[in-house]
Amino acid sequence: MYIEPFGVERWLSKYETVVDYNLTSTSIMPLSINELLEITGEDKDQVKEDIFSLKLSYGVIEGHSDYLTGVASLYHSLQKEQIISTNGGVGASYLTMVTVIEPGDHVVAILPAYQQIYSVPESIGAKIDYLFLEKSPSGYVLDMNKLAALVTPKTKAIVFNNPNNPTGDVIADEYLEQMVEIAKENNSYLICDEAYRGLTHNIGFSTSVADLYEKGISLGSMSKAFAMAGVRLGWIATRDETFMQNANIHRDYTMITTGSIDEYIAALALKHKDEVQQRNIEITQSRATLFKQWLDSEPKLSYAPFKGGTVALPYFDSTLSSEEFCAKVIEEKSVLLMPGFVFGLDKCFRMGYARESEEKTIAGLNRISDFLAKLKQ
Ligand SMILES: Cc1ncc(COP(=O)(O)O)c(C=O)c1O
């Protein structure tokens, strides 16, 4: 089965180990188990004993009950039976697409977005209509009239990513509700990659499609809002029973279980979600402020406001393509940025501002400033 190479991952794997500064990572400074225990106040000896005495069996097929309960608590209207444990957000997205999409199905994909949500349906043989978010001084705008015109009763699913990677935008509730109306009128699934949910800068957890709509499917992850990409855990959350049954049939063929040690650690973080979230949102907010100040001081860059997640999408003023621009920054300054072309965009690059220490972030930004100062327009 042919699938389009994953642009972001290809670029990262080529360069991320050879640069001095990675200023495009979408993670937050990762937690260690020690730091997690300090934040949560859990008894270190007890946790050590729990982990060391865990039997290294498959664990529970549908996922450990504490993990599923913890995930369900991130939604207003869901119980643990409405959560499927997966190998990361990528596992959640892949499993959802192979469950829902069949060759010839019509899908509407809202771009830019994390590539998985459209390249996997494309590889399955879906017919996809793409609708780009439009950049405006207040953020990114989804033209609802265009969306309503594209979605028909033949549309199996509308797929999108909110909070958005690569723009850092968050769709306001009134627009999400309009999207639900359009999906509902056409009996289409509304599938949202919500890996950055929990990191909306002013409110933390933004509204989920799984709470808004019976056929809303939320794809979640421990990697971003919980800063623990190393546990490789994610989830699917939905109230749609038919989907749940079908997804579990597919899941048996691809993962069996997600791993007892990982689930134990994730469940512990979810039990203390407020404390963990506070640590992560504080880092995100303070880096976002620093990053905005830097952007405002760079006359050759422009940007739309970023409101959530850990990334933003600055535009540059130059004859260089996004690939040429980022290749030069790597070559001349050893700083890694993500070129817009991997998202179907040009004259822009994605930056991630929460992964490095403040000191390293500033040092990396200074190198980009040097580069921009010599950049011909
Ligand atoms: C929007 C989005 N979804 C999913 C993922 C994959 O996350 P995970 O580490 O949980 O597999 C990423 C990773 O960058 C992402 O940005």
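Does Asn187 count as buried or exposed, and at what relative accessibility? Asn187 counts as exposed, because its relative accessibility of 52% is over the 50% cut-off. The model is predicted. The points below cover two residues with positive phi, two cis peptide bonds and one buried threonine.

- Asn187 is not a glycine, yet its phi is positive, at about 55 degrees.
- The loop between α8 and β8 (189-193) holds Asn187.
- Lys347 is likewise not a glycine and has a positive phi, of about 60 degrees.
- Lys347 sits in the loop that runs between β15 (338-339) and β16 (349-352).
- With a relative accessibility of 27%, Lys347 counts as partly exposed, because this value falls between the 20% and 50% cut-offs.

**Cis peptide bonds**
- Leu111 and Pro112 are joined by a cis peptide bond, with omega near 0 degrees.
- Pro112 belongs to the loop between β3 (106-111) and α6 (116-124).
- The peptide bond between Asn162 and Pro163 is also cis, and its omega is about -10 degrees.
- Pro163 is placed in the loop between β7 (155-161) and α8 (173-185).

**Thr99 and its surroundings**
- Thr99 is part of helix α5, which spans residues 88-100.
- Thr99 is buried because its relative accessible area, 14%, is under 20%.
- At 2.6 Å, the side chain of Thr99 reaches the backbone oxygen of Leu95.
- Leaving aside residues up to four places away in sequence, Thr99 touches Phe243, Asn246, Ala247 and His250.

Definitions and conventions: Residues are numbered from 1 along each chain as its sequence is written. This is a predicted model: local features need pLDDT of at least 70, side-chain atom pairs count only at pLDDT 80 or more; totals for chains, interfaces and linings use all residues. Side-chain values use heavy atoms; hydrogens and water are left out. Helices (H or I, at least four residues) and strands (E, at least two) are DSSP runs, numbered from the N terminus. Buried means under 20% relative accessible area, exposed over 50%, partly exposed in between (1.4 Å probe, protein chains only). A polar contact is a pair of N or O atoms within 3.5 Å; within protein, one must be able to donate a hydrogen and the other to accept it, and residues adjacent in sequence count only if both atoms are side-chain atoms. Contact means heavy atoms within 4.5 Å.
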